[in-house]
Amino acid sequence: MSTPVSRAQGGVDGGGTSARGVFAGSVFAAVDIGASSGRVILGRIKDDAGHPGSARSVELEVVHRFPNGVVEMDGGLRWDFDALFAEVLAGLSAAATVAAVQDETITSIGIDTWAVDYGLVNKAGELIAQPYSYRDDRSRAAVAPVHRKLDPARLYGTTGLQFLQFNTLYQLAAEPDLAGVQALLIPDLIAYFLTGQRRTEATNASTTGLFDAVAGEWATEFLAALSLPRKLFPPLVQPGETVGTLLPGIASQIGLPAGTKVVAVGSHDTASAVAAVPAQEENFAYISSGTWSLVGLELKHPVLTEASREANFTNERGVDGTIRYLRNMGGLWLLSECQRTWAAEGFTPDLPALLTAAAALPPGGPQINPDDSYFIAPDNMPERIRAAVRRIGDILPDDPAAITRCIMDSLAIGYARTIRDAERLADRTVDVVHVVGGGSQNRLLCQLTADATGKPVIAGPVEATALGNVLVQARAAGQVTGGLRELRSLVGGSHALQTFSPELSRL
């Protein structure tokens with residue numbers, strides 16, 4: 001990856017709140033990348049024809065899709081960032097073309113991805129190696145040395161972060177040499193190569209294990225305790241603030257004006273997804289269901305108790321300074337990996353038919369712990385699941401429908417358990433559960449979740465992450481106003497939602 005050529009090469013200036021204003025025909029480009037795929041999406045705020053200026057809906061148009069995934073490279077599981085960035089440029093170029101054809105102006109670009117992973121950039125602004133993936137096992141050996149320097153209770157009391165062996169601080173502790181480099185989380189790394197500006201967006205910073213959950217700043221004492229450079233990360237930027245404008249060379253390459261802004265959004269994809277949960281009630285739980293399942297509550301203040309730490313809940317930053325109090329659980333990765341194995345064996349089941357067959361099976365079948373680290377790495381997931389069932393003395397047939405039902409039951413029961421724990425630990429009562437993301441299309445999973453929780457489940461929208469990304473950009477540009485409630489009302493009025501009521505007979 002070449003070095004960005006910038007007016008402020010590798011600098012830390014240029015932040016600030018984006019200028020406000022409404023422009024006719026303006027649209028927003030959302031770069032939304034998950035662990036298995038990515039998209040570039042155009043978002044439009046549509047006005048009521050009879051009441052110009054009164055926003056009534058938000059619409060999305062996918063202009064580019066591309067695959068993503070870990071690759072074995074240089075002795076580990078890594079992300080091919082060069083290929084990823086090339087796809088981002090291709091997507092932004094497609095967005096520019098579509099906008100031009102429709103006589104629209106791309107007002108800004110927002111970027112969200114998964115959390116915790118980073119790239120290391122040297123003083124010359126070069127990416128020194130392709131970033132490691134959280135699925136690489138290298139950080140496991142760093143956990144004990146970190147905990148000898150920083151007691152886990154002390155870590156949690158400051159960061160409020162759920163223990164996961166791949167959290168950023170353990171990955172950094174596994175690095176052989178960090179002298180003369182800065183760590184840029186993946187969305188910040190993309191923004192850097194677009195603008196030449198180095199920033200760390202706050203919602204993603206809160207997943208590193210080096211962020212003070214109360215102060216909303218870097219926990220510099222932890223950097224010192226781990227002998228990490230004090231300026232290892234760039235300064236923080238909040239959702240809605242401008243990171244920078246496109247570098248002239250990048251702008252020319254993708255066909256956009258050099259003054260096009262890159263605006264910070266909830267760059268942790270879950271932060272963007274939760275911002276677009278169409279909840280109008282206060283007492284809601286959310287499940288952002290995709291490769292992983294993020295299950296929790298939205299709070300005003302973190303929960304930093306010992307009971308919360310023992311339950312392995314996390315306190316991550318949300319849009320508008322909210323706290324995403326949640327557990328990171330296993331997700332539909334289990335099913336997608338099973339599908340990959342079955343396809344390699346010559347069996348490619350139609351997913352709707354597979355879920356229908358799974359739904360027809362009787363309740364009370366075997367279950368697994370979807371959070372078990374045993375399931376993190378890829379490789380023959382059906383047999384891994386059957387082996388996990390054997391270890392608890394049960395039997396799971398080597399049948400795709402039975403394995404699929406085991407996954408769905410296990411996820412739903414895990415969701416219910418996590419929501420009950422969150423209610424207890426945060427002293428909150430949940431009246432309704434919102435499921436967003438890819439899992440909101442899975443009728444079996446949504447119904448089983450309603451059954452297991454005993455609460456109504458509202459499913460949708462599928463594209464919550466992109467919606468949250470676009471809405472934060474639109475608010476920064478002045479096209480929408482208000483807080484999260486107003487943004488969520490716009491989502492709820494724009495997208496069809498489905499409600500699943502508990503069926504006690506199915507439990």
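In which sense do β15 and strand β16 pair, and over how many bridges? The two strands, β15 and β16 (residues 292-299), pair in the antiparallel sense over five bridges. The structure is a predicted model, in which local features need pLDDT of at least 70 and side-chain atom pairs count only at pLDDT 80 or more, whereas totals for chains, interfaces and linings use all residues. Residues are numbered from 1 along each chain as its sequence is written, and side-chain values use heavy atoms, with hydrogens and water left out.

Helices (H or I, at least four residues) and strands (E, at least two) are DSSP runs numbered from the N terminus, and two strands are taken to pair if DSSP finds at least two bridges between them. On this basis, seven strands form an open sheet of mixed pairing, in the order β17-β18-β16-β15-β19-β20-β21. Its edge strands, β17 (314-317) and β21 (498-500), each pair on one side only. The twist averages 30° from one strand to the next; axes are lines fitted to C-alpha atoms, for helices over the stretch in contact, and angles run from 0 to 180 degrees between N-to-C directions.

Within this sheet, β15 forms a hairpin with β16, with two residues between them. On its other pairing, β15 runs parallel to β19, to which five bridges join it. Ile287 takes part in both pairings: its bridge partner is Val295 in β16 and Val435 in β19. In a regular strand the side chains alternate between the two faces of the sheet. In β15 both faces are covered, with Phe284, Tyr286 and Ser288 buried on one side and Ala285, Ile287 and Ser289 buried on the other. Here buried means under 20% relative accessible area, exposed over 50%, and partly exposed in between (1.4 Å probe, protein chains only).

Strand β19 (residues 432-436) is also joined to β20 (residues 457-459) by three bridges, and these strands run parallel. The bridge partner of His434 in β20 is Ile458. Helix α15 (residues 443-453) packs on the sheet, touching β15 (284-289), β19, β20 and β21, and its direction makes about 45° with that of β21. Contact means heavy atoms within 4.5 Å.

A further packing arrangement involves two helices. The axes of α12 (residues 351-359) and α14 (residues 400-426) come within 8 Å and cross at roughly 75°. The helices are therefore roughly perpendicular, a class that spans 65 to 115 degrees, whereas angles under 35 count as roughly parallel, over 145 as roughly antiparallel and the rest as oblique. Leu354, Leu355, Ala357, Ala358 and Ala359 of α12 meet Pro400, Ala401, Thr404, Arg405 and Met408 of α14.

Helix α13 (residues 381-391) is largely enclosed by the rest of the structure, because eight of its eleven residues are buried. Arg384 and Arg386 are among these buried residues, which pack against α11 (333-344) and α14. Gly393, which follows α13, has a positive phi near 80°.

Ser272, in helix α9 (residues 269-275), is buried, with a relative accessible area of 0%. Neighbours within four places in sequence aside, Ser272 is in contact with Asp112, Val265, Gly266, Ala464, Thr465, Gly468 and Asn469. Glu503, in the segment after β21, is partly exposed at 35% relative accessibility. With the corresponding neighbours left aside, Glu503 is in contact with Gln447 and Asp451.
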